[in-house]
Amino acid sequence: MGADPSADEAPPTGEEWFRWLPELLPQLIWTCRGDGPCDYLSPQWVRYTGIPAQDQLGYAWLDQLHPEDRPRVQQAWAAIAPSGRQFDIEFRIRRYDSVYRWFKTRATPLRNAAGVVVKWFGSNTDIQDLRDAESALRQVNRDLEGRVRERTEALATATASAQSTAAQLLAAQRMAKLGSWHLDLTSGQVEWSEQLFRTMGLEPSAGAPSYPDQVHLFTPDSWRRLGAAIEEAVRTGVGYELELEVNRPDGTRRWCVARAETGRDADGRVRTLTGTFHDVTELKEVQQALEKATERMQLATASAQIGVWDWNMVTNALSWDPIMHQLYGMDPSSFNASYEAWRACVHPDDVAAAEKALEVAFEGGAPFDTGFRIIRRTGGVVRHLRGAAVVHRDDMGRPDRMVGVNWDVTEQREMEQALLANERLLREFVTHAPAAIAMLDRDMRYIQASERWLQDYRLVGQDIIGRSHYEVFPDLPEHWREVHQRVLRGAIETCDEDPFPRADGHLEWLQWEARPWLTPSGEVGGLLFFTQLITARKQLEGELQRQKEALERSNTELKQFAYVASHDLQEPLRAVAGCSQLLARRYTGQLDAQADELIRHIVEGSDRMHLLIRDLLAYSRVDQQELKVARTDASEALRTALVNLRAAISETAAEVTHDKLPIVTADHGQLVQLFQNIVGNAIKYHGPELPRVHIDVTRHEASWEFRIRDNGIGIEPQYFDRIFNLFQRLHTRIEYPGTGIGLAICKKIVQRHRGRIWVEPAPGGGSIFCFTLPSPSRGTHEQTPSAD
Ligand code: ADP
């Protein structure tokens with residue numbers, strides 16, 4: 001308000017003030033008298049109010065004040081004016097256009113020498129713009145404050161939520177095993193979230209390792225791929241997603257998925273990489289296990305030739321795996337699997353049942369397992385399949401999907417049929433087998449018995465199936481129960497003769513075999529009896545034994561009788577022979593011709609009788625005399641025999657030769673007789689040529705074979721056996737003398753030595769008489785044939 005008057009060297013006078021001040025100052029200037037009323041208003045005041053000055057002097061100027069301000073100004077003026085102190089006050093003054101503007105008014109008192117206020121100088125400065133600016137500022141401030149407040153509140157909320165979000169994030173990261181990281185490519189600074197440290201198996205306090213130092217945290221392959229991915233991201237600005245294998249310091253391995261996004265600077269260059277690091281080890285393990293399980297499942301279904309089908313009941317799409325196509329003989333490229341197509345493959349007779357099974361499955365929800373036939377279009381073969389399925393339902397419980405399997409049971413069916421047929425056959429066989437057979441279970445209950453069984457044990461007409469063996473045979477010997485228990489434990493028991501005393505007192509004899517029968521799982525299912533009633537045979541055998549004993553007795557008696565008889569007959573025969581020879585010598589030619597003839601007959605008859613009795617005695621002796629088996633030189637025995645035959649040999653000029661003969665185990669006397677009889681015959685039955693006899697010997701595994709070959713008359717093959725029997729002769733006495741006992745004696749001697757005797761035709765005529773004598777096996781008592 002106004003310039004300081006002290007600044008001028010010569011202050012203007014009151015008149016001068018009024019001359020130029022009101023013109024110069026922008027303020028509205030006024031003066032009042034010391035007691036209050038206005039006595040001057042500047043032209044600016046008049047211009048501003050549009051009211052002449054004289055109309056406003058005194059207290060009229062108050063009318064231009066804003067009605068709201070007027071009382072306050074009046075009170076202030078009334079209060080201040082008497083005090084004579086300078087004062088400031090603000091109020092609104094009406095402009096000429098009736099607009100009120102704010103003015104700041106300063107009133108300064110002018111005092112006379114006595115200090116009495118004689119004048120008041122005032123200026124009103126238009127502060128409307130200031131006020132407006134202030135008010136605008138205030139408003140702005142208010143707005144600002146409001147906004148600041150709002151922001152602060154928002155910030156507070158945001159901070160709180162950020163804090164809780166951060167905590168949640170940390171928890172979420174921990175739970176999801178999801179770490180996060182940031183890499184500043186310019187500074188090389190690396191930031192890791194807490195979880196990432198955990199995933200890597202590192203302590204957060206040590207800080208995140210620099211990118212190059214992370215090389216130890218990955219397997220070489222993963223590190224290489226990570227490097228390549230980062231390089232690519234920096235070059236292209238496109239992030240990446242990688243599966244990496246982490247090599248933790250404690251040696252454990254983890255599978256992680258790393259994802260990254262790039263951050264660019266103002267120039268568009270990639271400056272940062274931000275990403276997540278997700279530990280998916282468990283997921284991976286589950287995934288691998290699932291893959292393995294799926295693979296195993298596929299392998300299993302493929303190797304078991306199980307076809308898998310999947311029917312989406314909402315879209316009605318049916319999908320078949322390759323094995324399904326194989327099973328149905330359909331070419332996958334031309335065959336479109338659909339429910340109707342499947343239905344068309346099913347044997348017409350089985351369609352209803354197969355569809356019913358499906359229906360039941362999706363109504364009741366239970367999986368089904370049913371068999372049906374299909375007709376393969378390629379080749380039209382009928383195959384038996386089985387199908388099983390599970391139904392999947394939507395949230396409302398409606399079936400929306402069905403997954404099932406099919407497999408071929410044709411062979412199984414055929415086998416079952418064959419098995420059934422076999423079983424029927426077996427039952428038939430057992431029932432009608434001409435043997436007593438019974439099949440029992442583990443509890444000794446009858447499963448089956450043959451008709452013969454029923455007949456043998458007098459059970460015809462009784463239904464024994466299901467009944468206990470012990471109930472059917474209450475009189476079973478106790479020890480048989482033990483046999484049954486052993487058989488049920490797996491033993492096979494047999495008995496050729498077993499008495500079975502029946503309750504009614506009669507005795508049956510059994511030949512039996514009891515063996516366990518096995519179930520398909522290899523366990524004993526029960527036992528099988530095979531029995532034969534041998535009572536009749538036993539009786540017959542008893543009878544036979546009795547007869548044999550009687551025969552042996554009579555045979556022995558007979559032998560004794562033959563021996564005794566022949567021995568005892570010798571004496572009277574000698575007398576008869578002696579008398580008849582005497583008779584012949586004395587009376588031949590003295591009586592008539594007929595008497596001579598009779599005498600000759602008597603002599604011949606007694607001679608023949610003598611020979612017969614001698615030979616018979618020799619025959620009986622073979623049995624009667626004790627067999628003195630010892631080491632015997634066969635050549636020695638032969639020599640003795642030849643000495644005994646010397647008369648015949650010289651008479652016929654026979655030639656007897658032999659190979660080296662062995663030491664044998666035999667009765668020397670009987671061996672002499674054996675050689676003597678055979679060589680004797682060889683000489684006796686000679687042909688027109690001079691008799692030539694040769695004896696050789698062959699070593700066999702357990703015997704010596706002697707062969708006595710002659711060049712005699714030979715024997716017809718049909719008599720080869722007969723000639724070894726007693727009294728069997730092929731010629732008359734006229735042709736060749738003899739009794740027909742010699743070879744029978746030979747046979748008996750050889751048999752007593754447990755050997756064999758036979759005759760063969762000699763090549764070029766004649767016969768070969770052969771016999772064997774047992775010898776110790778080769779190598780034990782090797783005998784060296786001795787030369788003659
Ligand atoms: P025999 O006292 O009649 O000789 P054998 O028992 O010794 O009684 O012989 C029975 C028969 O076998 C003889 O009658 C003869 O016909 C025939 N026989 C035996 N040895 C020979 C042989 N070496 N050659 C031809 N026939 C023989």
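Author: A charge sits over a ring if CZ of Arg is within 6 Å of the ring centre and within 35 degrees of the ring normal. The model here is predicted.

Reader: What makes Arg-699 count as lying over the face of Trp-704?

Author: Arg-699 is at 4.6 Å from the ring centre of Trp-704. The limit is 6 Å. Arg-699 therefore meets the distance cut-off, and it lies over the ring face.

Reader: Which ring does Arg-756 lie over?

Author: The ring of Trp-758, at 4.1 Å from its centre. That value is also within 6 Å.

Reader: How many aromatic pairs are there?

Author: The count is 28.

Reader: Why is the pair Trp-45 and Trp-61 called edge-to-face?

Author: Their ring centres are 6.5 Å apart, and their planes meet at 85°. Planes over 60 degrees apart count as edge-to-face.

Reader: Why are Tyr-457 and Phe-473 edge-to-face?

Author: Their planes are at 90°, and the cut-off is over 60 degrees, so the pair is edge-to-face. The centres are 5.3 Å apart.

Reader: Where do Tyr-457 and Phe-473 lie?

Author: Tyr-457 is in the loop between helix 12 and helix 13. Phe-473 is in the loop between helix 13 and helix 14. Both residues are buried. Ring pairs also link them into a cluster, with members including Trp-453 and Trp-480.

Note on methods. Residues are numbered from 1 along each chain as its sequence is written. This is a predicted model: local features need pLDDT of at least 70, side-chain atom pairs count only at pLDDT 80 or more; totals for chains, interfaces and linings use all residues. Side-chain values use heavy atoms; hydrogens and water are left out. Rings of Phe, Tyr and Trp (its six-membered ring) pair if their centres lie within 6.5 Å; planes under 30 degrees apart count as stacked, over 60 as edge-to-face and the rest as tilted. Helices (H or I, at least four residues) and strands (E, at least two) are DSSP runs, numbered from the N terminus. Buried means under 20% relative accessible area, exposed over 50%, partly exposed in between (1.4 Å probe, protein chains only).
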